[in-house]
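Visitor: I would like to learn how to read helix packing. Please walk me through it.

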Amino acid sequence: MSGTNFIISREDWSLHRKGEIDRERHREKVREAIKKNLADIVSEESIIMHDGRKIIKVPIRSLDEFHFRFDYGKQKHGGQGDGSSKKGDVVYTEPQKGPGKGKGAGEEPGVDYYEADVTIDELAAMIFEDLGLPNLEQKKKPEIASESVEYNDVRKKGIASNIDRKRTIKEAIKRNALKGERGLPKITPEDLRFKTWDLTYKFESNAVVLAMMDTSGSMGPFEKYIARSFFFWMVRFLRTKYNNVQIVFLAHHTEAKETTEEEFFTKGTSGGTRCSSVYKLALEIIEKRYSPQDYNIYAFHFSDGDNLVSDNDKCIRLIKELLEVCNLVGYGEIEGSYYYTSTLKTTYKRINNPNFTWVSIKDKSGVYPALKKFFSQAPDQSGSSNLS
Amino acid sequence: MDPKEELMLLEDSLDRITEKAKELGLDFYDMFFEICPADILYTFGAYGMPTRFSHWSFGKAYHRMKTQYDYNLSRIYEMVINSNPCYAFLLEGNSIIQNKLVIAHVLGHCDFFKNNAYFKNTSRGMVESMAAAAERFREYEFKYGRPKVESFIDAAIAISEHIEPRVMIKKKNEKEGRRQGRKESCRIERSPSPYDDLWDLEKGQECQEDCSEKEKIFPPEPEKDLMLFIEQNSRDLDDWQRDIISVLRQEMLFFWPQMETKIMNEGWASYWHLRIMRDLDLDESETLEFAKMHSGIIQTSRTRINPYTLGLKIFEDIEKRWDNPTPEEKEKYGRPGGEGKQKIFEVRATENDISFIRNYLTRELVEELDLYLYKKVGNEWKIVDKEWQTVRDGIVTSLKNCGYPYITVQNADYNKHGELYLKHHYEGIELDVYYVEKTIPHLYTLWGRPIHLETTLDNKRILFSYDGEKNNKKFL
């Protein structure tokens with residue numbers, strides 16, 4: 001200090017966590033809000049069509065800090081030019097909204113979203129929080145075993161960061177008590193206890209998912225989009241939750257063929273529909289590559305139900321064959337703008353097997369319930385608990 | 001650099017800078033400087049105070065600011081509190097030259113806090129009051145549960161801008177108003193509180209009134225201070241809830257003068273960091289670093305007016321015009337010249353942003369700074385006005401009531417059912433309808449009965465209502 005009226009100091013701020021605590025609370029609220037809006041978010045185009053970005057922006061309305069305010073778009077605002085501005089100059093151009101976006105509230109003028117950044121994986125984890133692969137069984141051949149670290153032992157030697165405080169203090173108290181004294185004495189090196197770990201291998205059941213999609217001419221952009229949303233999340237989910245899931249993509253019109261994931265989602269074809277073709281291919285693939293002895297097999301098929309009527313009986317027969325080798329067969333029918341009197345769905349209603357599930361989806365918000373229906377775990381066989 | 005050595009160097013420059021500032025006529029409180037790491041400074045920035053109650057909205061602000069800092073998008077160098085002694089926080093890692101500029105800037109702010117008329121009634125012990133309030137809020141959370149306290153704060157924050165900052169001026173009218181309105185308010189039951197004896201003081205006054213007089217509308221005069229009005233007149237609030245409203249209102253009263261003098265305050269501080277730094281002996285590299293930092297501060301933007309730049313330019317212009325008046329100014333206003341310094345000190349003491357802009361933003365400045373007004377046309381924002389008076393008045397309009405809509409309580413017993421009738425005083429700019437419909441439910445939480453808000457849309461008067469379950473609107 002030099003006699004003038006000021007003080008300068010530097011404190012230890014390392015315990016000051018206020019901002020972090022409230023930030024955490026804010027994050028919590030973001031998650032709550034996302035969960036509440038999952039049905040809308042699941043079919044959000046910008047997420048499904050995202051181009052490989054890891055982090056996506058999820059629009060949330062409920063986290064705005066509401067107060068009375070002017071309509072920003074109807075106000076005049078002040079700005080500053082570089083000296084050469086003229087009346088009529090454009091200061092800022094709003095990005096054009098992508099076409100085909102639904103009737104979301106975001107279309108209203110002057111309305112803005114609070115956008116939360118989340119990763120797709122986080123979002124997938126939220127969507128599938130209570131879901132799992134149904135009817136999972138321990139199969140013979142665990143193909144890949146995943147490594148994991150488990151703290152399962154306590155030793156007297158170890159590295160300082162792994163000190164087991166509770167046991168160390170217990171030891172000290174014990175030692176003291178043996179001397180007939182109360183309380184906690186000074187901790188000596190003999191008291192120290194360390195947690196140690198073992199590498200364990202987690203054996204997971206193997207599962208293969210057969211993703212089948214109708215790509216015939218009657219599947220319009222909307223129908224494809226719905227199927228695409230469903231498979232998008234299904235793939236995310238399976239890959240985040242299980243190390244050991246294989247996915248086979250099968251596209252069909254009157255004939256079926258195996259495709260890559262990318263082709264599956266991007267290629268469009270045309271022509272009529274013969275669903276039996278894809279079931280037949282699925283059965284062949286199962287026979288050749290995925291023995292039901294070793295794999296849990298899940299088959300999902302999406303179509304608009306506009307199948308050749310003469311083919312329907314064959315479909316039923318093949319579905320029944322699939323049910324003999326699969327843990328679950330799912331059929332999703334997307335109700336497009338046409339109305340069909342005889343759809344595959346009505347045919348499939350005749351199938352009476354607990355391992356067969358069908359849903360019909362009318363609009364975007366139907367994707368989330370469909371996911372829930374397909375992946376809800378059967379009450380008697382909770383999938384994930386059978387894993388380890 | 002070794003932290004100790006750094007601190008000594010800093011102390012040395014502080015010594016010189018405060019000396020210089022005093023010599024130049026700045027008048028500030030005792031200063032308390034604290035060096036803190038970025039996450040702490042940004043925490044303070046988000047809360048506006050070193051200690052303030054917990055709320056997720058501060059967490060949100062902190063997250064935004066911190067992220068920008070982490071990505072190197074923006075940086076705050078300091079944060080200064082209107083208090084006595086004056087607390088100022090410097091960012092750890094500022095270079096010596098950055099800190100010199102920041103210190104000079106901070107002294108400018110402190111001089112402004114101490115001498116500007118609008119700060120006259122701010123509590124200089126707010127650091128402590130806010131810390132105490134934070135502690136009480138935390139106790140409420142323990143006692144009544146976080147969800148309950150949090151959602152009540154959500155509601156109170158939603159209308160926290162609606163206060164009457166001219167507390168002192170208002171006083172007189174209020175007294176009259178209260179006497180007239182008493183009749184009606186007699187019927188409002190107040191939950192017993194430890195301060196009941198204070199209300200008793202007014203009893204004598206009341207009894208002199210003729211109590212059989214016809215019913216009057218309450219409040220007798222439209223009331224701008226929604227926060228105070230609700231705190232005093234809402235029927236079913238618990239003490240802790242009234243306390244929350246009261247605290248938020250006090251904090252808003254404290255921050256309001258800073259909001260209504262943003263341009264002046266930043267301009268003044270920038271003026272002084274420039275002035276003081278020029279007087280210090282800087283070597284070449286220091287001068288360069290200083291120039292870089294200063295130009296960052298006064299960087300202009302096409303979509304908003306930088307308060308630092310505008311404020312600084314106006315102060316410099318005033319000084320110039322009072323030091324060397326034109327012959328016309330000499331003759332017309334009897335301005336002798338050489339009074340520049342005196343004039344800017346006078347302006348910093350008596351004006352706020354609105355009067356500052358209205359009185360001192362000249363045609364020459366508007367043109368030199370290339371200021372304009374822009375507006376949304378289709379999906380483009382276009383410059384619509386360059387005429388200097390329109391631009392000046394446009395800026396003034398945007399500063400009115402610190403940019404918040406002017407809303408008053410008209411009737412606290414609407415429909416004879418204790419419903420709250422509010423009116424937005426429409427002055428040509430419509431409200432954000434979506435926000436209105438989301439905000440009145442918050443008011444319902446505070447008032448406990450249906451809420452109505454009258455405003456104007458498409459030149460028609462419209463009433464938004466919320467009855468506890470749903471929104472509804474009708475043209476009047």
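Visitor: At what angle do H12(B) and helix H13 of chain B pack, and how far apart are their axes?

Guide: Bear in mind that this is a predicted model. H12(B) and helix H13 (residues 284-297) of chain B pack at about 170°. Their axes lie 12 Å apart.

Visitor: Is the crossing of H12(B) past H13(B) left-handed or right-handed?

Guide: Left-handed.

Visitor: Which residues meet there, in H12(B) and in H13(B)?

Guide: Contact here means heavy atoms within 4.5 Å. From H12(B) come B:Ser270, B:His273, B:Leu274 and B:Met277. H13(B) supplies B:Phe290, B:His294 and B:Ile297. The residues of this contact divide into 4 nonpolar, 3 polar and no charged.

Visitor: Now helix H14. What are the angle and the axis distance for H12 and H14 of chain B?

Guide: Helix H12 spans residues 262-279 of chain B, and helix H14 spans residues 307-323 of chain B. They pack at about 70°, with axes 7 Å apart. Angles of 65 to 115 degrees count as roughly perpendicular, so H12(B) is roughly perpendicular to H14(B).

Visitor: Which hand does the crossing of H12(B) and H14(B) have?

Guide: That crossing is right-handed. On the H12(B) side, the contact includes B:Lys262, B:Glu266, B:Trp268, B:Ser270, B:Tyr271 and B:Leu274. On the H14(B) side, B:Pro307, B:Tyr308, B:Phe315, B:Glu316 and B:Glu319 are among the residues.

Visitor: How do the residues of the contact of H12(B) with H14(B) divide?

Guide: Into 10 nonpolar, 3 polar and 4 charged. Look also at two residues in both lists. B:Ser270 and B:Leu274 take part in the contact with H14(B), and they also meet H13(B).

Visitor: Let us step back to whole chains. How many helices and strands are there in chain B?

Guide: Chain B has 20 helices and 10 strands. Buried residues make up 53% of its 476 residues. Take contacts between residues at least 6 apart in sequence: in chain B, 70% of them join residues at least 24 apart.

Visitor: And what are the helix and strand counts in chain A?

Guide: Chain A has 11 helices and 13 strands. Of its 388 residues, 45% are buried. For contacts between residues at least 6 apart in sequence, 81% in chain A join residues at least 24 apart.

Key:
Residues are numbered from 1 along each chain as its sequence is written. Chains are lettered from A and ligands numbered from 1 in the order in which they are written. This is a predicted model: local features need pLDDT of at least 70, side-chain atom pairs count only at pLDDT 80 or more; totals for chains, interfaces and linings use all residues. Side-chain values use heavy atoms; hydrogens and water are left out. Axes are lines fitted to C-alpha atoms, for helices over the stretch in contact, and angles run from 0 to 180 degrees between N-to-C directions. Helices (H or I, at least four residues) and strands (E, at least two) are DSSP runs, numbered from the N terminus. Angles under 35 degrees count as roughly parallel, over 145 as roughly antiparallel, 65 to 115 as roughly perpendicular and the rest as oblique. A crossing is left-handed if the near helix is turned anticlockwise from the far one by less than a right angle, and right-handed if clockwise. Ala, Val, Leu, Ile, Met, Phe, Trp, Tyr, Cys and Pro count as nonpolar, Asp, Glu, Lys and Arg as charged, and the others, Gly among them, as polar. Buried means under 20% relative accessible area, exposed over 50%, partly exposed in between (1.4 Å probe, protein chains only).
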